[in-house]
Amino acid sequence: MVEKDFKFTNSVIALPLFSVLLLWIVYWLQIRYDFDFYEHGIYPRTFSGLQGIIFSPFIHADISHLYNNSIPLLVLLAALQFFYPKQTIAVIVYGILFSGLITWVIARSNYHIGASGLIYVLVSFIFFKGIQTKYYRLVALSLSVIMFYGGMIWYVFPEVDNSISWEGHLAGFITGFVMSIQFKTPEYQKPILYDWQKPDFNPEEDDFMKHFDENGNFVNTEIPEETPYFYSDTLVEYTVVKQEELDDNL
């Protein structure tokens with residue numbers, strides 16, 4: 001992964017703006033024509049309540065509820081689209097479906113509405129995925145998410161605020177964590193430059209690693225060849241002469 005692979009596109013702005021604008025349009029229709037959309041929220045463990053898995057993120061109780069969800073959605077959806085463009089649609093769609101389904105299973109018998117479940121999906125996914133990739137920019141993004149939204153973790157526990165759907169928050173947090181494990185991001189993996197970086201690398205079969213023992217000490221595994229003291233392809237004949245014969249000849 002190199003820096004040029006981070007590309008700013010129109011969708012980084014368009015996706016969060018369109019998503020939040022849609023929430024405000026739904027809320028405007030609700031108050032303008034006095035629609036009672038609450039009945040389309042998640043009502044746990046009932047067949048009719050299953051419709052809320054799809055519709056509940058678009059329904060809000062009042063303008064304060066909608067406003068408090070709009071700002072985090074703008075920020076987190078923009079971050080998701082910029083840093084994880086290939087996974088964005090899947091994270092949003094599956095995040096809504098599975099967090100809604102978990103809420104339908106575990107929540108109290110009441111209508112559960114709002115986009116806060118999706119917000120917890122995004123916070124959880126962006127945080128855990130950045131840590132898992134070990135890529136410094138994404139790790140920095142994870143730390144930024146914790147710095148701005150870390151306090152939200154308390155609202156996944158019961159009895160902190162009975163007026164909110166802590167079950168939806170918990171479901172979103174779990175869903176985001178699971179998706180961070182399931183959705184792979186090969187574009188952020190470091191390129192393999194050496195044989196020892198390969199997953200199937202076996203040091204016992206590597207010629208270089210054979211020169212080291214289990215303690216890391218160098219071991220000379222090469223057996224030196226024995227060479228004669230003197231070697232020549234030319235035939236040499238030696239004649240032995242006694243010293244006395246040598247003196248007589250002189």
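User: How do the residues lining the second largest pocket divide into nonpolar, polar and charged?
Analyst: Bear in mind that this is a predicted model. The second largest pocket has 13 lining residues, with Ser 19, Phe 58, Ile 92, Ile 96 and Leu 118 lying nearest its centre. Sorted by type, the lining comes out as twelve nonpolar, one polar and no charged.

User: Which element gives the largest share of the lining of the second largest pocket?
Analyst: This pocket has a volume of about 250 Å³. Helices α1 (11–32), α3 and α4 (88–106) each put at least two residues into its lining. The largest share is five residues, and they come from α1.

User: OK, what about the largest pocket: how much space lies in it?
Analyst: Its lining has 21 residues, and those nearest the centre are His 65, Ser 116, Ile 164, Ser 165 and His 169. By type, the lining holds nine nonpolar, ten polar and two charged residues. The space inside comes to about 600 Å³.

User: And which helix gives the most to the lining of the largest pocket?
Analyst: Two helices supply at least two residues each, namely α3 (63–83) and α5 (116–133). The top contribution is four residues, and it belongs to α3.

User: What volume does the largest cavity have?
Analyst: There's one cavity of 30 Å³ or more in the structure. It is lined by 17 residues, with Ile 42, Ser 56, Thr 103, Gly 114 and Gly 117 nearest the centre. α4 and α5 are the elements giving two or more residues to that lining. The volume works out at about 170 Å³.

User: Let's talk rings. Is the pair of Phe 125 and Phe 183 stacked or edge-to-face?
Analyst: The count here is 14 aromatic pairs. For this one, the ring centres are 6.5 Å apart and the planes sit at 65 degrees. Planes over 60 degrees apart fall in one class, so Phe 125 and Phe 183 are edge-to-face.

User: How many residues apart in sequence are the parts that the Phe 125 and Phe 183 pair ties together?
Analyst: Both Phe 125 and Phe 183 are buried. Phe 125 belongs to helix α5, while Phe 183 is in the loop between α7 (166–182) and α8 (243–249). The pair therefore ties together parts whose separation in sequence is 58 residues.

User: Which residues do ring pairs link into a cluster?
Analyst: Phe 125 and Phe 183 are edge-to-face partners, and both belong to the cluster.

User: What is the relative accessible area of Phe 127?
Analyst: Phe 127 forms an edge-to-face pair with Phe 128, with ring centres 5.0 Å apart and planes at 70 degrees. Buried would need under 20%. Phe 127 counts as partly exposed, at 22%.

User: Over the face of which residue does Arg 32 lie?
Analyst: A charge has to be within 6 Å of the ring centre to count. Arg 32 is at 5.1 Å from the centre of its ring, and that ring belongs to Tyr 33.

User: How far apart are the end C-alpha atoms over residues 12–30?
Analyst: UniProt, in an unreviewed entry, lists several stretches as "transmembrane region", including 12–30 and 113–131. Residues 113–131 are 84% helix and 0% strand, with end C-alpha atoms 30 Å apart. Residues 12–30 are 100% helix and 0% strand, and their end C-alpha distance is 28 Å.

Key: Residues are numbered from 1 along each chain as its sequence is written. This is a predicted model: local features need pLDDT of at least 70, side-chain atom pairs count only at pLDDT 80 or more; totals for chains, interfaces and linings use all residues. Side-chain values use heavy atoms; hydrogens and water are left out. On a 1 Å grid over the protein atoms alone, a cavity is a set of points where a 1.4 Å probe fits but cannot get out, and a pocket is an open set with protein on both sides within 12 Å along at least five of seven lines; lining residues have an atom within 4 Å of a point. Grid points are joined across faces, edges and corners, and a volume is the space filled by probe spheres set on the points. Ala, Val, Leu, Ile, Met, Phe, Trp, Tyr, Cys and Pro count as nonpolar, Asp, Glu, Lys and Arg as charged, and the others, Gly among them, as polar. Rings of Phe, Tyr and Trp (its six-membered ring) pair if their centres lie within 6.5 Å; planes under 30 degrees apart count as stacked, over 60 as edge-to-face and the rest as tilted. Buried means under 20% relative accessible area, exposed over 50%, partly exposed in between (1.4 Å probe, protein chains only). A charge sits over a ring if NZ of Lys or CZ of Arg is within 6 Å of the ring centre and within 35 degrees of the ring normal. UniProt positions are given in the numbering used here, feature names are shortened, and annotations may be inferred rather than shown by experiment.
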